[in-house]
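Hi there,

Here is the structure I promised to pass on to you.

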Amino acid sequence: MAQVPVTEGVFTWPSETPQLIGSRCVACGNHMFPVQAGCPKCTGEKTEQVLLGRRGTLWTWTVQGFPPKAPPYAGDVDPKTFKAFGVGYVELPGQIKVEARLTEADPEKLKIGMEMEMVIVPLSTDASGNEVVTFAFAPVA
Amino acid sequence: MSTEVAIVGIGMHEFGRTEGVSGMEQGVIAVRRACADAGVKWEDVQFAFGGSAAAGAADTMVSQLGLTGLQFINVANGCATGGSALFSAYNTIRSGVFDLGIAIGFDKHERGAFRVDTRGAGLGNWYGASGLALTTQFFGMKINRYMHEYGISHSTLGKVSEKAFRNGSMNPMAWRRKPISEQEALDSLMLSYPLTQYMFCSPGEGGVALILARADKAHLYTDKPIFLNAAVVRSRRFGSFEVLAPSIALEHNAGPTVDSSKAAFEMAGIGPEDIDLAQLQDTEAGAEVMHMAENGFCEHGEQEFMIQAGETEIGGKFPVNTDGGCLANGEPIGASGLRQVYENVLQLRGQAGARQVPNDPKVAYTHVYGAPGISGVTILSR
């Protein structure tokens with residue numbers, strides 16, 4: 001089964017070490033995610049593409065305890081088989097805090113400040129039988 | 001305080017679920033009730049600002065109310081739709097263009113958490129497809145971080161829900177009118193940690209209309225005019241932590257609530273210590289806690305003591321969400337901010353019945369917050 005990314009241009013894929021794709025303001029150095037053309041910090045109009053760091057610390061988190069509405073959600077929405085998933089913001093040093101799914105969904109195991117690393121996780125199967133993947137962060141063992 | 005504009009009539013259609021009545025029709029009923037309250041005919045109303053998020057263009061309601069040719073402007077500003085309608089009506093009268101007008105908000109949403117139109121919100125499809133485009137997640141993450149930083153307990157979240165449903169039980173217009181205990185709130189289904197089912201408001205239905213007049217003409221319509229001393233709407237600045245954000249800056253900014261609150265106090269020429277009661281956006285129990293501090297009513301972390309001691313109850317030092325708030329009334333987006341003003345008018349008139357705040361409150365405050373990082377504040381006095 002082939003793997004396809006949920007979208008192009010948000011993370012590098014395929015890759016042994018996938019990274020999120022962001023922007024940096026040429027004028028003030030502010031980082032943005034996802035890619036955007038204008039800077040919300042200094043109103044600068046010129047940005048350049050950058051790859052974001054793969055490791056950071058968990059700034060805050062929650063657990064998605066019920067199936068999201070589909071659309072827009074592409075994952076499992078069957079209440080019988082739906083598995084809760086973690087969601088958090090990971091602070092990438094010197095860059096930005098990014099929102100992502102977390103591979104851990106147990107409130108007992110999620111701690112603000114813990115080390116996290118970016119991974120790619122399966123999300124759903126598309127009409128052609130491909131496995132759709134998206135990005136997530138996993139606790140660093 | 002500035003007393004140029006008065007609220008002289010209020011009308012509401014019951015919040016909750018009303019089968020067979022469209023959101024627009026609920027708005028029409030609210031308008032008729034507001035006109036009756038002020039003793040004015042629809043043809044006397046010179047201008048209107050109105051809006052809904054999901055129940056149609058407000059200006060089409062004139063086909064039911066009467067084609068009088070009035071100036072009717074639609075307002076679409078997310079969770080601040082009602083606040084924006086009120087801001088616009090307020091300034092229309094202050095400018096001297098008209099003497100008598102109306103602000104209208106109504107809505108009717110499908111059941112369950114809000115379905116986010118990621119494209120309309122300026123976000124890629126991948127964001128919703130990946131399971132991130134839920135407003136509930138933001139609220140869970142904001143209060144989780146806040147509890148970590150400022151020592152707010154799960155019990156305090158439960159107590160906010162308990163208060164909301166108790167106040168709602170005394171409000172015949174509320175959706176949820178059955179009291180629940182703190183423990184029931186804590187034990188209900190965990191939707192987005194640390195927030196449970198009874199700690200979240202639900203998208204709902206309802207309508208509110210407010211008739212505004214030049215203050216020097218208010219006596220023509222009511223013997224209990226309530227003056228609108230400030231109406232402010234603010235959007236976010238760089239560095240704030242907002243709903244539906246794929247990323248946030250490393251540097252921190254306090255957010256639109258803090259900005260709109262400061263601007264409103266400045267406009268009214270008073271401070272938080274002068275406010276007798278407040279309706280604060282309680283999309284969920286944690287929001288009420290955080291918004292107490294963001295609006296300047298306490299320091300961060302003081303809420304733990306205040307709520308545990310009952311200070312925000314109707315008979316407490318600083319009553320908050322006396323009509324049951326969003327938690328007991330649900331959130332019809334277009335109407336929600338005007339519901340808060342409606343409640344404060346009742347309280348300042350002394351007409352709030354079983355939930356009347358004691359000792360003749362004189363100054364009252366409302367606050368809304370919503371996507372994509374906007375806030376609206378009003379200050380009312382009698």
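Below is what I found, starting with the two chains together and then going into each of them.

First, a word of caution: this is a predicted model.

**Where the chains meet**

How many residues of chain A are in contact with chain B? The contact takes in 43 residues of chain A and 35 residues of chain B. The size of an interface is often given as the accessible area lost when the parts come together. For chain A and chain B the buried area is about 3400 Å², and carbon and sulfur atoms give 63% of that.

The rule finds 2 salt bridges across the interface of chain A and chain B, while the structure holds 23 salt bridges over all chains. One to look up is the pair B:E251 and A:K41, whose side chains meet in a salt bridge at 2.9 Å, N to O. B:E251 sits in the loop between β9 (247–248) and α8 (256–268) of chain B, and A:K41 sits in the loop between β3 and β4 of chain A, so this pair joins two chains.

**Backbone details in chain A**

The loop between β3 (31–32) and β4 (47–51) of chain A also holds A:T43. Phi of A:T43 is near 65°, which is a positive value in a residue other than glycine.

One joins A:W13 and A:P14, with omega about 0°. A:P14 belongs to the loop between β1 (3–5) and β2 (21–25) of chain A. Another joins A:P71 and A:P72, and here omega is about 15°. A:P72 is in the loop between β5 (55–64) and β6 (85–92) of chain A.

**Helix packing in chain B**

Now to chain B, and to helix α9 and its partners. Helix α5 (residues 135–150) of chain B packs with helix α9 (residues 285–294) of chain B at an angle of about 60°, their axes being 9 Å apart. That angle makes α5(B) oblique to α9(B). The crossing in which α5(B) passes α9(B) is left-handed. From α5(B), the residues B:K142, B:I143 and B:Y146 meet B:G286, B:V289, B:M290, B:H291, B:A293 and B:E294 in α9(B). By class, the residues of this contact of α5(B) with α9(B) are 5 nonpolar, 2 polar and 2 charged.

How does helix α6 (residues 154–169) of chain B pack with α9(B), and at what angle? The angle is about 100°, with the axes of α6(B) and α9(B) 8 Å apart. That makes α6(B) roughly perpendicular to α9(B). On the α6(B) side the contact is made by B:T156, B:L157, B:V160, B:S161 and B:K163, and on the α9(B) side by B:A285, B:G286, B:E288 and B:V289. The residues of the contact of α6(B) with α9(B) come out as 4 nonpolar, 3 polar and 2 charged.

One more pair is helix α3 (residues 81–94) of chain B with helix α12 (residues 333–349) of chain B; their axes come within 5 Å and cross at roughly 60°. α3(B) and α12(B) are therefore oblique to each other. Here B:T81, B:G82 and B:L86 in α3(B) meet B:G334, B:L338 and B:V341 in α12(B). The contact of α3(B) with α12(B) has 3 nonpolar and 3 polar residues, and no charged ones.

Terms used
Residues numbered from 1 in each chain as written. Chains lettered and ligands numbered in written order. Predicted model: local features only at pLDDT ≥ 70, side-chain atom pairs only at ≥ 80, totals over all residues. Heavy atoms only, no water. Axes fitted to C-alpha atoms, helices over the stretch in contact; angles between N-to-C directions. Helix = DSSP H or I, 4+ residues; strand = E, 2+ residues; numbered from the N terminus. Parallel < 35°, antiparallel > 145°, perpendicular 65-115°, else oblique. Left-handed = near helix turned anticlockwise from the far one by under 90°. Contact = heavy atoms within 4.5 Å. Nonpolar A, V, L, I, M, F, W, Y, C, P; charged D, E, K, R; others polar. Buried area = accessible area lost by both parts, 1.4 Å probe. Salt bridge = Lys/Arg side-chain N within 4 Å of Asp/Glu carboxyl O.
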